[in-house]
Amino acid sequence: MTIRDKIAAAKFKLVALTYSGFAIFASGMLFGTKFRIANIIGICGFAIAFISIFLLLYHLRCLRCGGNLGLIVSQNLNPFKVSPAIKFCPYCGIEFDSQPT
């Protein structure tokens, strides 16, 4: 498994959690007019989405140097993969298609 694959797996988990949080938020707000508890569930879904976006942007790190890659890898049209145009870590220069050491 390459460094790109490990970063993409972490990104996939966080993006899926973000979408799940937004779905919980939307359903909570939709059903909040009939059920009072649905508003609280919706707010919890928003918190889940907010925290997962924060983790995606500021907690996704290079496996070698620990540099913040969140802002770099999240600038992609495909939210679940790391762009093949990104070849190296901008902080330490390790190639993303190499094996982690």
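Asn 68 is placed in the loop that joins helix H2 (36-58) to helix H3 (70-73), where helices are DSSP runs of H or I with at least four residues, numbered from the N terminus. The structure is a predicted model, in which local features need pLDDT of at least 70 and side-chain atom pairs count only at pLDDT 80 or more, while totals for chains, interfaces and linings use all residues. Residues are numbered from 1 along each chain as its sequence is written, and side-chain values use heavy atoms, with hydrogens and water left out.

With a relative accessibility of 18%, Asn 68 counts as buried, a term for residues under 20% relative accessible area (1.4 Å probe, protein chains only). Its side chain reaches the backbone nitrogen of Gly 70 at 3.1 Å. When neighbours within four places in sequence are left aside, Asn 68 is in contact (heavy atoms within 4.5 Å) with Leu 57, Tyr 58, His 59, Leu 60, Arg 61 and Tyr 91.

Val 82, which belongs to the segment after H3, is likewise classed as buried, at a relative accessible area of 7%. Apart from residues up to four places away in sequence, Val 82 touches Arg 4, Ile 7, Ala 8, Val 73 and Asn 76. Although Val 82 and Lys 6 stand 76 residues apart along the chain, their C-alpha atoms are separated by 9.9 Å.

Definitions and conventions:
Helices (H or I, at least four residues) and strands (E, at least two) are DSSP runs, numbered from the N terminus. Buried means under 20% relative accessible area, exposed over 50%, partly exposed in between (1.4 Å probe, protein chains only). A polar contact is a pair of N or O atoms within 3.5 Å; within protein, one must be able to donate a hydrogen and the other to accept it, and residues adjacent in sequence count only if both atoms are side-chain atoms.
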